[in-house]
Amino acid sequence: MKKKFSKAAGSLVIASLLASVIGCSNSGTSNDPANNTGNSTGGNNTGAVSTEPMTLTAFFPDPNTTWNNMQDDVGKYITEKTGITLKPEFAVGDPEQKINLIAASGEYPDLISPKGTSGALIDAGALLDLTDLIEEHAPNIKAMLGDQINRLRYSNEDPSIYFIPSLEAIDQYYFDAGGPFNLQHEVVKELGYPKMRTLKDYENAIKAYKEKHPTIDGQPTIGLSLLADDWRIMISTTNPAFWATGAPDDGEFYIDPETYEAILHYKRPEEREYFRWLNHMNDIGLLDKESFVQKYDQYKAKIASGRVLATIDQQWEIDEPEATLKAAGKHERTYGHYPITLDETYKAANFQQTGFNGGWGLGITTAAEDPVRIIKFLDWLASEEGQILINWGIEGKHYEYVDGKRVFLPEIQDIRVNDNNRFKKEFGIGNYNLSLRYGDGVKDSTGNYYTTNNPEQVLEAYSDVEKEVLAGYGATYWKDLFPQEDEFEVKPWGAAWNIPVPTDSVIPVTQQKANDIVRKRIPEAILAKPADFDKVYDTMLAELDKAGVKKMEEEYTELVRARVELWSGQVTK
Amino acid sequence: METITQPSKPVDVKKIKSRRFWKTAVQQRYLYLMSLPFVIWVFVFNYIPIWGWTMAFQKYKPAKTFFEQEWVGFKYFQELLADERFYLVLRNTLAMSFLGLLVGFTVPILFAVLINELKGRFFKRSLQTISYLPHFVSWVVVAGIVYKMLSTESGGINDLLLWLGVIDTPIQFMAKETWFWGIVTVSDLWKEMGWNSIIFLAAITGIDPEQFEAAKVDGAGRWRQIWHITLPGIRSVIIVLLILSIGNLISIGFEKQMLLGNPLVVDYAEVLDLYALNYGIGLNRFSFGTAVGIFNSFVSIILLFTANGIFKRYSKESVM
């Protein structure tokens, strides 16, 4: 379980982002085409497209048991509107092998979605460059991407666009905050909703409450508990250092927004101060003595006992024990999330946007007879009509407008909640995420959300205590307490942790060495006597230098710059 | 445990000169045929994979054929031997192995001897069964138990020490670097003691009862019987097992260390297998991982032959 650090690190950060969205993805629930052509956004030139019957072969890398050969409602509607029938093949077993085989055989389907295995297809020249097709025939896709279209380019050496991304959604919006500085509702309630902005505020609240209540339910109160079990040390112990100092999540690195220079984030002097604060917390006895020894199970058990006043962690790590607390009716022992930073000069950058990251999607192969028709088909799916269709289904049949608000018909909603497979198979909703699509929180021309996830659901999930505490701070959502998206610039390099690293680079090995050093020295520094803190921290920095971190940072800087260059459109053919 | 194992006497084989080999082979064709499947088995599963060692000398990339790989010679071995961390994990591996061998060998023998001295068949059997049950508990669970027992918050050991007045404040057992080897060794002992004693117990059962009777007639007490009959009776089993375990010293696995370890004790907890995993396969560096594997094999072979040689010389017992 320890073996895939770099990957685990990446997926963790993804997970943490995902987790800050309420509920799960909307893949199970999409909707249908409103026939409200009157509302359709500009450029939806469906009328111009021929609706002559046409069958497209396609390859998808994941099995789909709910695929109904387009005999579902949405599928029939698509065929009726566009004349297109898809004849897909779904991978059974290892898709990589199959895709390599397809690449080697030269017999391509019209459409292919190769996930991460695109290299072989591109080397074989199997994929069409979509740049001009999008430019000329796909006004909706173009409008959706805006100036982010460069983020679809393959690489600096080959700036072609091979895929229409379908995995990541456009303008995905996070409805709520999920950490990392969490405090029990009971604490702030009792102290009369004190200001919660800096580490000092946070510390004072924990301290005041602990002094007043040395025990909870007969067991000793724990001020702050951290977790350092394997990779979880990043989530609870090391990542909060950049959160508290106003930097966004770029994995183990900090990227200078001006020069794009990458350094290990531990090297930032302000982060040293964050760890010094943890050292101080340990010194005054507010930090749980078992923080760096306990395993995840012990940590969860402790939190579930309701006597840990504060945790510095992402919501998804404490979901389970919180559920236990809620089941026991101890809602006041669950946690609120506060935008804590080192001091007031920093702004918590939790909601700084990375912009669209491109990523996996559907490509058109050289075998396609009429690529223009295909791109128009994909463009139609990206139109407002298409987007509502794939997310909500068909008006009158699956959804209706109640006071201008789009809702599923009651019987459809019932099936959606209780029999999601039937929902997908019979109605086809959620099965046609083939083209570019909007993420949660994006509204259409009727003022409704494109996807079926919405902020009301977040609110419904709040407990009464939670609402009371939020009211105490004059907010509706936890997110309201945080600096909002528009206070930050969109990062031109996206999220640094998803920049692909070449396999023969020095980065993976040095990163592993750096991890080994950091994960040992940071706990040591926190537990050291305050007088020794700097000594340990300096030792860590010296060891990092010795492990060749400089070279890694240089290479990483190159990667970041290459991506910025690619995405800014400075690389063209 | 009930079967009586007799140290097998060497089969009375005539000294056959090599030119008569084929004649014998024909004579013993059925025996050869019977052993053939097992020879093939060993060949297929133990020898053919050695071909994979070539990876350590290549810059191996998956999905390329053998001939397309780039040869790099001893690059990965040099890298390995130049890494300070490697010596640290080697030290940890060997230290925990030797401790494990020392304790994990003497205690089960003692335990077997003591069980053997017990009267009452039912009691003896139950004791034996109870003692080897922990062997079937997985390390994940054992690590959980160890953690709980040593916890500063209502952990059994700390509570006991506090109650006895030995200490004033709970001890953070798991945070003490230098105690880690001991904790691993003791928990391993708890888990495997009963199981390891089974084979010695079986060997003891195999000792001819007449010897004990004769000793009793000569006036030997319990202690003298143990010293002069029981222990010498299982001597060859002890030595064979000891030599074999020495060959396995370096491959002690990593579950215990990984499950019991934490960031504070990592310098004493990381072992070779974990290192190979983290820096080899974990980073898709198949070649480097293979180099570590080859190094392991060589160290094991050297240890095995040394141990075998020493015992052959001084005790006339050996596995080869």
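**Group meeting: a two-chain predicted model**

I start with a charged spot: A:Glu395, A:Glu400, A:Glu411 and A:Asp414 form a negative surface patch. A patch takes residues with over 30% relative accessible area and no salt bridge, where like charges are joined within 9 Å and nonpolar side chains (Val, Leu, Ile, Met, Phe, Trp, Tyr) within 5 Å. A salt bridge here is a side-chain nitrogen of Lys or Arg within 4 Å of a carboxyl oxygen of Asp or Glu.

Some ground rules. This is a predicted model, in which local features need pLDDT of at least 70 and side-chain atom pairs count only at pLDDT 80 or more, while totals for chains, interfaces and linings use all residues. Residues are numbered from 1 along each chain as its sequence is written, chains are lettered from A and ligands numbered from 1 in the order in which they are written, and side-chain values use heavy atoms, without hydrogens and water.

A:Glu411 sits in helix 15 (residues 410–418) of chain A. Helices (H or I, at least four residues) and strands (E, at least two) are DSSP runs, numbered from the N terminus. A:Glu411 is partly exposed, at 49% relative accessible area. The cut-offs are under 20% for buried, over 50% for exposed and partly exposed in between, with a 1.4 Å probe and protein chains only.

Now chain A as a whole. Chain A has 21 helices and 15 strands, and its C-alpha trace spans about 75 × 55 × 40 Å along the principal axes. Of its 573 residues, 58% count as buried.

Next, chain B. There are 15 helices and 2 strands in chain B. The radius of gyration of chain B is 25 Å, well over the 20 Å that the rule gives for 320 residues, so chain B is more spread out than a compact globule. Its C-alpha atoms fill a box of roughly 80 × 75 × 35 Å along the principal axes, and 38% of its 320 residues are buried.

Last, two backbone details in chain A. A:Met70 is not a glycine, yet has a positive phi of about 65°. A:Met70 lies in the loop between strand 1 (54–60) and helix 2 (73–82) and is buried, at 2% relative accessible area. A:Asp217, also not a glycine, has a positive phi near 50°. A:Asp217 is in the loop between strand 6 (215–216) and strand 7 (219–220), and is exposed at 57%.

Definitions and conventions: Areas by Shrake-Rupley, 256 points an atom, 1.4 Å probe, with all protein chains shown as cover. Lys, Arg positive; Asp, Glu negative; His and termini not counted. Charge placed at Lys NZ, Arg CZ, Asp CG, Glu CD. Rg over C-alpha atoms; globule rule 2.2 N^0.38 Å.
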